[in-house]
Amino acid sequence: MNERFVPLMRQVPGFVAYYWLGAWDGVMVSTSVFQGRAGAEESVAKAADFVRDNLASLLPHPPHVMAGEVVASA
């Protein structure tokens with residue numbers, strides 16, 4: 001993931017950060033942070049292509065995509 005997907009996200013204009021979390025019960029959560037909506041939307045398209053081409057057989061359910069604005073950070 002770090003070798004192929006993260007560099008792909010870094011190429012998207014406005015990239016700030018990317019996190020992949022392994023949650024309990026086999027749930028995986030990823031969060032991408034971009035400076036604006038256009039970069040976030042481009043990243044969703046690139047991520048969908050990447051998952052389809054590289055991870056589809058490993059994911060029993062399609063990803064659930066959400067978007068929003070950062071309202072607090074530390």
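1. Helices (H or I, at least four residues) and strands (E, at least two) are DSSP runs, numbered from the N terminus. The model is predicted: local features need pLDDT of at least 70, side-chain atom pairs count only at pLDDT 80 or more, and totals for chains, interfaces and linings use all residues. Residues are numbered from 1 along each chain as its sequence is written, and side-chain values use heavy atoms, with hydrogens and water left out.

2. Salt bridges. The whole structure holds 3 of them; each is a side-chain nitrogen of Lys or Arg within 4 Å of a carboxyl oxygen of Asp or Glu. Side chains of opposite charge can pair when their charged atoms come close.

3. The R52 network. D49, R52 and D53 are linked by salt bridges. R52 meets D49 at 3.1 Å, N to O, and D53 at 3.0 Å. R52 and D49 are separated by about one helical turn, because they sit 3 residues apart in helix α2. R52 is exposed, at 54% relative accessible area. D53 is exposed too, at 53%, while D49 is partly exposed at 36%. The cut-offs: buried is under 20% relative accessible area, exposed is over 50%, and partly exposed is in between (1.4 Å probe, protein chains only).

4. The R37 pair. R37 bridges to E41, with the closest N and O atoms 2.8 Å apart. Both lie in helix α2, 4 residues apart, about one turn. R37 is exposed at 67%; E41 is partly exposed at 45%.

5. F50. This residue is also in helix α2. F50 is buried, with a relative accessible area of 8%. Its C-alpha lies 9.2 Å from that of R4, 46 residues away along the chain.

6. Largest pocket. Its space is about 1,400 Å³. A pocket is an open set of points on a 1 Å grid over the protein atoms alone, where a 1.4 Å probe fits, with protein on both sides within 12 Å along at least five of seven lines; lining residues have an atom within 4 Å of a point. Volume is the space filled by probe spheres set on the points, which are joined across faces, edges and corners.

7. Pocket lining. Of 38 lining residues, S30, T31, H64, V65 and M66 are closest to the centre of the largest pocket. Helix α2 gives the largest share, 10 residues. Elements supplying at least two residues include α1 (5–10), β1 (15–22) and β2 (28–34).
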